[in-house]
Amino acid sequence: MAIVFHTSPLLWTRLAAMIFACVAFSVAVHGGRIAHGTGDWCIFCWAFSFAGTLLVILVELFGLQTRAPLSWKNFPITFACYAALLCLSASIIFPLYFLKGSTGQRESDFRIVSTVFSCLATIAYMCEVSISKARPGEVAGYMATAPGLLKVCETFVACIIFVFVSDPVLYDRQHELKYCMAVYCICFILSAAIILLCVGECTGCLPFPFARFLSAYALLAVALYLSATIIWPIFNFDPKHNGTKDRPSSCSGTQGLCIWDKLMAVAVLTAVNFILYLADLIYSARLVFVSA
């Protein structure tokens, strides 16, 4: 088996991202004294990004793209986009939870190093996505286009929403809130299915044109998220609908997020996903998709 080694900006960017992610979780595990829970999430983000990038590099190094049971036009950029979002979340969460709680100078130094290299890994993965994305007029996989990358962001934001509404359960008080939860689940499942179909090269198995389905789904998702963007804050913050307008005094502490904070975070993330789906609809209407 021949090793194919072609240097390129994309290769060096991937190597840099892999090294930065490796340093981030290695330093945190070695001397950061990271507690379970939030710390485990940050370690997972860095380790998952490192392992996936190593796999991509090895596949391309040994020229195994044609043997991989995946679309190599779609998988690397999809993974890089998820890795960028994961490292970004770790770069925000890790210093918020662990830099303030450092009990010693040595422990604090390790945590600062992990934070810095997490930020560097985020930048490197963003650069990889920028290098890999399709240019105007270029024939590329769907995930390398703007709508494909937006699908990744939409599913990631939905996952964060699920985290906030699940502990404790925030949507079981009223039927309107259950409707919002149904919107989040339906759009997440369909967006994730589209990503899996593209990465698995199964779009041709659908009984209808894939491009037409994408446009119809984008329109449906915009309508659903628009309704959720309106309904969620009304039934959580309007006293006329058993909501609360003011932030409770019990939320003034620093021991994590209270229920009011999580409700507000979900409202903001719902609006963010609505904007993402709206941009997805605009791009999908203009995109001329050419599949190999």
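F44 and F48 sit together in helix α2 (residues 38-61), four residues apart, or about one turn of the helix; helices here are DSSP runs of H or I with at least four residues, strands are E runs of at least two, and numbering starts at the N terminus. An α-helix has 3.6 residues a turn, so residues three or four places apart point the same way. Keep in mind that this is a predicted model: local features need pLDDT of at least 70, side-chain atom pairs count only at pLDDT 80 or more, and totals for chains, interfaces and linings use all residues. Residues are numbered from 1 along each chain as its sequence is written, and side-chain values use heavy atoms, with hydrogens and water left out.

**Aromatic pairs**

- A search of the whole structure turns up 17 aromatic pairs, where rings of Phe, Tyr and Trp (its six-membered ring) pair if their centres lie within 6.5 Å, and planes under 30 degrees apart are stacked, over 60 edge-to-face and the rest tilted.
- The F44 and F48 pair is stacked, at 5.4 Å centre to centre with 25 degrees between the planes.
- F44 counts as partly exposed at 40% relative accessibility, and F48 is partly exposed too, with a relative accessible area of 36%; buried means under 20%, exposed over 50% and partly exposed in between, using a 1.4 Å probe and protein chains only.
- Y225 and Y277 also make a stacked pair, because their ring centres are 5.1 Å apart and their planes sit at 25 degrees.
- Y225 is in helix α7 (residues 210-237) and Y277 is in helix α8 (residues 259-286), so this pair ties together parts that are 52 residues apart in sequence.
- Y225 and Y277 are both buried.
- One aromatic cluster is made up of Y184, F208, F213, Y217, Y225, W232 and Y277.

**The nonpolar core**

- The largest nonpolar core has 79 residues, and the members touching the most others are W46, Y125, I161, Y184, C187, Y225 and W232; such a core is a set of buried Ala, Val, Leu, Ile, Met, Phe, Trp, Tyr and Cys residues joined through side-chain atoms within 4.5 Å.
- Two or more residues of this core come from each of α1 (9-31), α2, α3, α4 (105-132), α5 (146-166), α6, α7 and α8.
- Which residues does Y184 contact, leaving aside neighbours within four places in sequence? They are I161, F162, Y225, A228, W232, V266 and T270, with contact meaning heavy atoms within 4.5 Å.

- The 25 residues of helix α3 (residues 75-99) should span 36 Å at 1.5 Å a residue, and the end C-alpha atoms are 35 Å apart, which agrees; the expected span is 1.5 Å times one less than the number of residues.
- Helix α3 is mostly covered, with 18 of its 25 residues buried.
- T78 belongs to helix α3 and counts as buried at 5% relative accessibility.
- Not counting residues up to four places away in sequence, T78 touches M143, V152, I195 and V199.

- E176 is in helix α6 (residues 175-199) and is partly exposed, with a relative accessible area of 31%.
- The C-alpha atoms of E176 and W232 are 7.7 Å apart, though 56 residues separate them along the chain.
- E201, in the loop between α6 and α7, has a positive phi of about 55 degrees although it is not a glycine.
- Is E201 buried or exposed? At 57% relative accessibility, E201 counts as exposed.
- I34 lies in the loop between α1 and α2, and leaving aside neighbours within four places in sequence, I34 contacts A28, G39, F94, F98 and R111.

**Whole chain and confidence**

- The protein has eight helices and zero strands.
- Of its 292 residues, 43% count as buried.
- Among contacts between residues at least 6 apart in sequence, 78% join residues at least 24 apart.
- The average pLDDT is 86, and 86% of the residues score at least 70; pLDDT is the predictor's confidence in each residue, from 0 to 100.
- Over residues 288-292 pLDDT stays under 50, and the model has seven contacts beyond four places in sequence for this stretch.
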